[in-house]
Amino acid sequence: MILIKNVNILTMTDGNVRRNQSLLIRDGIIEAVGSSLSLLEDEDNDNDNVILIDGTGKYVMPGLINMHTHLGDNKDDLMLYLVNGVTTIRNMWGYEGIRLINWLFGTRVFNHLKLKKEVDQGIVEGPNIYTSGSLLDGDPPVFPKYMYLHALKDREQVQQIIKKQVNQGYDFIKIYHALSRQNFDDIIEISRDYDIPVAGHVPDSVGIRHVLESKVQSIEHLYGFINPYRPELNVKKDDIKKIAFLAATNHVWNCPTLIANERLANYDRQQEFEDEEQMQYLSKKNKQAMRTLLKASKQLYAKRGVQGNHKYMEDFYYIIQQLKNEGAAILLGTDKAVPYVVAGFSEHIEMQLLSQAGLSNYEVIQAATVNAAKCLKKEKEIGTIEKGKKADLILMQDNPLEDLQTIQRHVGVVKSGRFYSRDMCDSILDRIKKSHKR
């Protein structure tokens, strides 16, 4: 058991801080939330088995939920998430093991369903994992067919793929750019029959209006509003407010992944990204892959006539402001697969970017906690601090409503009934850093 005493709690059920409270955690579940009086007065509780944490003057909030990431070939990703307070992730492209050609090209090699189960069972330390299966795209697809994807031809194929992914235990269907309108409509209809959500990119031939009207779970990167590879499809500025209203009325979640958009378009800032602290926790192979991808991105964006740097990001900020004004829900995601986006660290950069886009600190934290839980339909399990929910928590020195950076400078993280103190987290980070200097 873990007892955190005399702590200030940001439950995320609202924007209030509950002062001088205590949290009792048993078997990874919040058993009681109450006043600073001891929650252990029951004679049936054995004090010798309790980890006592003095929370005097400190703050606790739910763990962060990253709603767009890619568990990749960096073996340290799971611990980088945990030590940075990320206790749940949504993996946006499911892989089922190692293929030689994937490994040679540095693409993802985890068996995501196996890893998800191992985390759930406590065999592997890491964040809770929700994952799609192989992504669904048109024919020809955007990515090479040797990767884990399906190039769709007809409705029968869609039916078979979705049925298989549901039976395998995947959490949602991931869609991509090159889908035809018929492909997309078949996916939506069949997915509803199997009661499995659909999330992903807005296909170029479908358009954002039809995607929003189809009530997908979420749209990623704000694609559809902005189309980085086909800017002629961008929504006109005067129409963004109407589209944002459509997203709100159809209850479609929006995952901007601002850090990914920033880094793909801001190739003039490459040296600045290279010098960030997060880069110390990557292998030489990972760093070289990032440099290669950013170079390719620069060439593609230049070919497509995309205006990078500040102008590009200002467009994203404007869309987010319209989504906020119209009441459309926003999620935190980072797209860890993009150059200079690193597991665990990028979430904190994303929060700062959402703040720059005009969200209040409370709204930023909502995007990373309770909004994400609702999108996943797991609000009874995660996203807030309440009795009966998973004890996925971040303990901080200061109030995150006043200073978002205190989340990354945390005092400790609780995940699955285990307390990772600041010293433990620093030790893990130091070990990872040293392993990449050899």
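Colleague: Is the crossing of α4 and α5 left-handed or right-handed?

Modeller: Right-handed, for α4 and α5. Keep in mind that this is a predicted model.

Colleague: At what angle do α4 and α5 pack?

Modeller: About 40°, and the axes of α4 (residues 155-168) and α5 are 10 Å apart. Angles under 35 degrees would count as roughly parallel, so α4 and α5 are classed as oblique to each other.

Colleague: Which residues make that contact?

Modeller: From α4 you have R155, V158, Q159 and I162, and from α5 there are D186, I187, E189, I190 and S191. Sorted by class, the contact of α4 with α5 comes out as 4 nonpolar, 2 polar and 3 charged residues.

Colleague: OK, on to α12. How do α12 and α13 pack?

Modeller: Their axes lie 9 Å apart, at an angle of about 135°. Here α12 covers residues 346-356 and α13 covers residues 361-368. That angle makes α12 oblique to α13.

Colleague: Left-handed or right-handed, when α12 passes α13?

Modeller: Right-handed for α12 and α13. On the α12 side the contact uses M351, L354 and S355, and these meet N361, V364 and A367 in α13. The contact of α12 with α13 splits into 4 nonpolar and 2 polar residues, with no charged ones.

Colleague: And α8, at what angle does that cross α12?

Modeller: Roughly 90°, with the axes of α8 (residues 258-265) and α12 coming within 8 Å. So α8 is roughly perpendicular to α12.

Colleague: Which residues meet there, between α8 and α12?

Modeller: L258, I259, E262 and R263 in α8 meet a set in α12 made up of S346, I349, E350, L353 and L354. For the contact of α8 with α12, the classes are 5 nonpolar, 1 polar and 3 charged. L354 turns up in the α8 contact and again in the one with α13.

Colleague: Switching topic. How much space lies in the second largest pocket?

Modeller: About 550 Å³ in the second largest pocket. It has 24 lining residues, and the closest to the centre are I196, P197, V198, Q217 and K377.

Colleague: Which helix gives the most to the lining of the second largest pocket?

Modeller: That's α5, with 3 residues. Both α5 (181-193) and α14 (370-375) supply at least two residues each to the lining of the second largest pocket.

Colleague: What's the class breakdown for the lining of the second largest pocket?

Modeller: 12 nonpolar, 5 polar and 7 charged residues in that lining.

Colleague: Which residues line the largest cavity?

Modeller: The lining of the largest cavity is P62, G63, I65, T87, T88, I382, G383, T384, K390 and D392. By class, the lining of the largest cavity divides into 3 nonpolar, 5 polar and 2 charged residues.

Note on methods:
Residues numbered from 1 in each chain as written. Predicted model: local features only at pLDDT ≥ 70, side-chain atom pairs only at ≥ 80, totals over all residues. Heavy atoms only, no water. 1 Å grid on protein atoms, 1.4 Å probe; cavity = no way out; pocket = protein on both sides within 12 Å on 5 of 7 lines; lining within 4 Å. Nonpolar A, V, L, I, M, F, W, Y, C, P; charged D, E, K, R; others polar. Axes fitted to C-alpha atoms, helices over the stretch in contact; angles between N-to-C directions. Helix = DSSP H or I, 4+ residues; strand = E, 2+ residues; numbered from the N terminus. Parallel < 35°, antiparallel > 145°, perpendicular 65-115°, else oblique. Left-handed = near helix turned anticlockwise from the far one by under 90°. Contact = heavy atoms within 4.5 Å. Points joined across faces, edges and corners; volume = space filled by probe spheres on them.
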